[in-house]
Amino acid sequence: GPGGTRVDRLARWVAAQAQGNRNNGLYWAANRALEDNQAADLSPLAAAARQAGLTDPEITSTLDSAQRTSRTNPEPRDREAEGAS
């Protein structure tokens, strides 16, 4: 649809975050993307965070913790990410 995928929209939002909210914004956006799809490609978010001025180590650790969070709090719907049709 217009504006691309949800990850694309989240990425544009992340790119616009001001200093002080960039890590939180990236973390929030990554969690939203992973709610949709635990195997979501977060590289657009990483690129957007880089645009917003975060460093690669910050981006990596923020995305890692979002992925850990989404794995430890799976959705109530018992949906296996692997092999889901």
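**Entry 1: overall layout**

What share of the contacts in the protein chain with a separation of 6 or more comes from residues 24 or more positions apart? I looked it up: the share is 63%. I note that this is a predicted model.

I went through the secondary structure next. The protein chain has four helices and zero strands. Read from the N terminus, the order is α-α-α-α. I then checked burial. Of the 85 residues in the protein chain, 32% are buried.

**Entry 2: helix 1**

I started with helix 1, residues 6-15. Which of its residues are buried? I found Val 7, Leu 10, Ala 11 and Val 14. I looked down the axis of helix 1: the buried residues fall within an arc of 105 degrees, so they line one face of the helix. An α-helix has 3.6 residues a turn, so residues three or four places apart point the same way. I also asked what covers the buried residues of helix 1. The cover includes helix 2 and helix 3.

**Entry 3: helix 3**

I repeated the search on helix 3, which spans 43-52. Its buried residues are Leu 45, Ala 46, Ala 48, Ala 49 and Ala 52. They cover an arc of only 165 degrees around the axis, which puts them on the same side of helix 3. Which helices do they pack against? I have helix 1, helix 2 and helix 4 on the list. I then looked just past the end of helix 3. Gly 53 follows, and its phi is positive, near 110 degrees.

**Entry 4: helix 2 with helix 3**

I turned to helix pairs. Two packed helices are described by the angle between their axes and the distance between the axes. For helix 2 and helix 3, the axes come within 11 Å and cross at roughly 165 degrees. The two helices are therefore roughly antiparallel to each other; angles over 145 degrees count as such. I logged the crossing of helix 2 past helix 3 as right-handed.

Which residues meet here? From helix 2 I listed Arg 22, Leu 26, Ala 29, Ala 30 and Ala 33. From helix 3 I listed Leu 45, Ala 49 and Ala 52. I sorted the contact by class: seven nonpolar, no polar and one charged.

**Entry 5: helix 3 with helix 4**

The axes of helix 3 and helix 4 come within 10 Å. They cross at roughly 140 degrees. Helix 3 and helix 4 are therefore oblique to each other. I noted a right-handed crossing for helix 3 and helix 4. On the helix 3 side, Ala 46, Ala 49 and Arg 50 make the contact. On the helix 4 side I have Asp 56, Ile 59 and Leu 63. The residues of this contact are four nonpolar, no polar and two charged.

**Entry 6: helix 2 with helix 4**

I took helix 2 as residues 22-36 and helix 4 as residues 56-72. Their axes come within 9 Å and cross at roughly 40 degrees. That makes helix 2 oblique to helix 4. The crossing of helix 2 and helix 4 is right-handed.

Helix 2 brings Asn 23, Leu 26, Tyr 27, Ala 30, Asn 31 and Leu 34 to the contact. Helix 4 brings Glu 58, Ile 59, Thr 62, Leu 63, Ser 65, Ala 66, Gln 67, Thr 69 and Ser 70. How does the contact of helix 2 with helix 4 divide by class? I have seven nonpolar, seven polar and one charged.

**Entry 7: Thr 62**

I picked out Thr 62, which lies in helix 4. Is Thr 62 buried or exposed? At 8% relative accessibility, Thr 62 counts as buried. I looked up what Thr 62 touches, leaving out residues up to four places away in sequence. The list is Asn 23, Leu 26 and Tyr 27.

**Entry 8: Arg 32**

My last stop was Arg 32, in helix 2. Its relative accessibility is 18%, so Arg 32 counts as buried; the cut-off is under 20%. Which residues does Arg 32 touch, not counting residues up to four places away in sequence? I found Arg 6 and Leu 10. I also checked Arg 32 against Val 7. They are 25 residues apart in sequence and 8.5 Å apart in space, C-alpha to C-alpha. Leu 10 and Val 7 are already on my page, among the buried residues of helix 1.

Methods. Residues are numbered from 1 along each chain as its sequence is written. This is a predicted model: local features need pLDDT of at least 70, side-chain atom pairs count only at pLDDT 80 or more; totals for chains, interfaces and linings use all residues. Side-chain values use heavy atoms; hydrogens and water are left out. Axes are lines fitted to C-alpha atoms, for helices over the stretch in contact, and angles run from 0 to 180 degrees between N-to-C directions. Angles under 35 degrees count as roughly parallel, over 145 as roughly antiparallel, 65 to 115 as roughly perpendicular and the rest as oblique. A crossing is left-handed if the near helix is turned anticlockwise from the far one by less than a right angle, and right-handed if clockwise. Contact means heavy atoms within 4.5 Å. Ala, Val, Leu, Ile, Met, Phe, Trp, Tyr, Cys and Pro count as nonpolar, Asp, Glu, Lys and Arg as charged, and the others, Gly among them, as polar. Buried means under 20% relative accessible area, exposed over 50%, partly exposed in between (1.4 Å probe, protein chains only). The arc is that of the directions from the helix axis to the C-beta atoms.
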